[in-house]
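Visitor: I would like to learn how to read charged pairs and packed helices in a structure. Please take me through them.

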Amino acid sequence: MELNCKHVWAHISDYIDDSVPSELRADIERHLEHCEICSAILDSTRNILVLTADDRTFELPVGFSKRLHERLARELADEANAPTMN
Amino acid sequence: MKSGEATATASRDEADLIARILGGEKELFHELIRPYERMVYLTVFSIVRNQTDAEDSAQDAMVNAYRHLGKFRGDAKFSTWLTTIAVNEGRQKLRRAKRTKEDSLDEPIEGEEQELTPAPLTDWREIPLEALERKELRETLRNAVAALPDIYRQIFTLRDLDELNVAETAAALGINENMVKVRLHRARMMLQKRLAPLLKTTAPERKGFWGRMPWN
């Protein structure tokens with residue numbers, strides 16, 4: 001099926017997640033071959049997702065892990081807080 | 001991405017760790033949660049939206065996970081179970097702070113049916129991961145995520161930062177899978193729309209261009 005740009009935009013997220021049916025995927029790819037706008041939108045979206053998901057973008061507060069394990073150590077030391085089965 | 005086999009092994013190792021913790025080797029809890037510190041922090045941060053509350057909530061979530069470990073049945077992945085606890089902890093923190101009214105996540109959001117148009121571009125120059133060494137770029141990305149409406153930011157965080165799958169995200173947030181997909185799509189399009197024009201000007205025009213960027 002011949003897709004227009006708006007159809008392609010509507011499926012970009014599923015396309016990135018590889019969760020579009022194979023026939024639709026083929027239609028999208030045919031459109032991308034000749035549409036530089038949709039290709040650029042897809043490339044920029046993918047690029048933005050990769051950059052955002054990088055560990056450097058969202059950093060944990062300095063000392064977060066150390067403070068967490070100190071708190072857990074106090075919790076674990078207290079028998080009253082031992083995990084229960086219910 | 002982990003292979004299926006590696007995931008299965010990790011899951012067996014976790015089940016073993018959990019059994020030993022419940023059997024009295026409680027110090028192993030430190031080891032059990034170590035791979036999930038970042039996931040729990042980002043999850044609560046996406047809800048409470050500031051570092052101090054996020055750190056408190058993340059600690060509370062881990063403590064709760066310890067106290068209720070006996071309730072973990074192994075029919076869900078440990079990471080999903082832990083995320084559900086983190087989501088609840090973050091929401092409670094918000095309610096206690098009375099900063100927002102109760103979320104009704106399954107309600108349609110105004111304007112949600114409207115089509116979202118991405119930022120039009122005719123070409124995209126790949127921004128390499130090394131560019132993240134620049135503080136300004138990291139800030140631009142964080143601000144764009146922070147500017148997403150609450151539910152979109154939470155879904156984006158669970159799916160794209162914590163790398164939960166659609167079913168796990170739906171379970172942790174208590175919404176259906178289709179809603180996760182629809183809102184994730186909108187979240188990603190909102191980010192593209194906001195970020196692509198900003199980042200386009202920072203992409204290298206040609207080799208050697210980095211030396212002339214404003215952040216140098």
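Guide: We start with a charged pair. The model is predicted, and in it the side chains of A:D18 and A:R25 form a salt bridge, with 3.1 Å from N to O.

Visitor: Is A:D18 buried or exposed?

Guide: A:D18 counts as exposed, because its relative accessibility is 54% and the cut-off for exposed is over 50%.

Visitor: How many salt bridges are there over all chains?

Guide: The count over all chains is 21 salt bridges.

Visitor: What is the N to O distance between A:K66 and A:E70?

Guide: The distance is 3.0 Å, and the side chains of A:K66 and A:E70 meet there in a salt bridge. Both residues belong to helix α5 (residues 64-77) of chain A, and because they are four residues apart, about one helical turn separates them. For accessibility, take each partner in turn. A:K66 has a relative accessible area of 58% and is exposed. A:E70, at 36%, is partly exposed.

Visitor: Which helix holds both B:R153 and B:D150?

Guide: Helix α7 (residues 150-161) of chain B holds both, with three residues, about one turn of the helix, between their positions.

Visitor: Is B:R153 buried or exposed?

Guide: B:R153 is buried, because its relative accessible area is 4% and buried means under 20%.

Visitor: Which residues are linked in a network of salt bridges?

Guide: One such network links A:D17 of chain A with B:R159, B:D160 and B:R188 of chain B.

Visitor: Now the helices. What describes two packed helices?

Guide: Two values do: the distance between the axes and the angle between them. Take helix α3 (residues 37-48) and helix α5 (residues 78-97), both of chain B, whose axes come within 9 Å and cross at roughly 30 degrees. Therefore α3(B) is roughly parallel to α5(B), since angles under 35 degrees count that way. The crossing in which α3(B) passes α5(B) is right-handed.

Visitor: Which residues of α3(B) and α5(B) make the contact?

Guide: From α3(B) come B:M39, B:V40, B:T43, B:V44, B:I47 and B:V48. The α5(B) side includes B:L82, B:A86, B:V87, B:G90 and B:L94. By residue class, the contact of α3(B) with α5(B) has nine nonpolar, four polar and two charged residues.

Visitor: At what angle do the axes of helix α8 and helix α9 of chain B cross?

Guide: The axes of α8 (residues 166-173) and α9 (residues 177-200) of chain B cross at roughly 105 degrees and come within 8 Å. The two helices are therefore roughly perpendicular to each other, because angles of 65 to 115 degrees fall in that class. On α8(B), the residues B:V166, B:A167, B:T169 and B:A170 meet B:E177, B:V180 and B:K181 of α9(B). The contact of α8(B) with α9(B) consists of four nonpolar, one polar and two charged residues.

Visitor: How many residues apart in sequence are B:A15 and B:F78?

Guide: They are 63 residues apart in sequence, while their C-alpha atoms are 8.6 Å apart in space.

How values were computed:
Residues numbered from 1 in each chain as written. Chains lettered and ligands numbered in written order. Predicted model: local features only at pLDDT ≥ 70, side-chain atom pairs only at ≥ 80, totals over all residues. Heavy atoms only, no water. Salt bridge = Lys/Arg side-chain N within 4 Å of Asp/Glu carboxyl O. Buried < 20%, exposed > 50% of the residue type's maximum accessible area, 1.4 Å probe, protein only. Axes fitted to C-alpha atoms, helices over the stretch in contact; angles between N-to-C directions. Parallel < 35°, antiparallel > 145°, perpendicular 65-115°, else oblique. Left-handed = near helix turned anticlockwise from the far one by under 90°. Contact = heavy atoms within 4.5 Å. Nonpolar A, V, L, I, M, F, W, Y, C, P; charged D, E, K, R; others polar.
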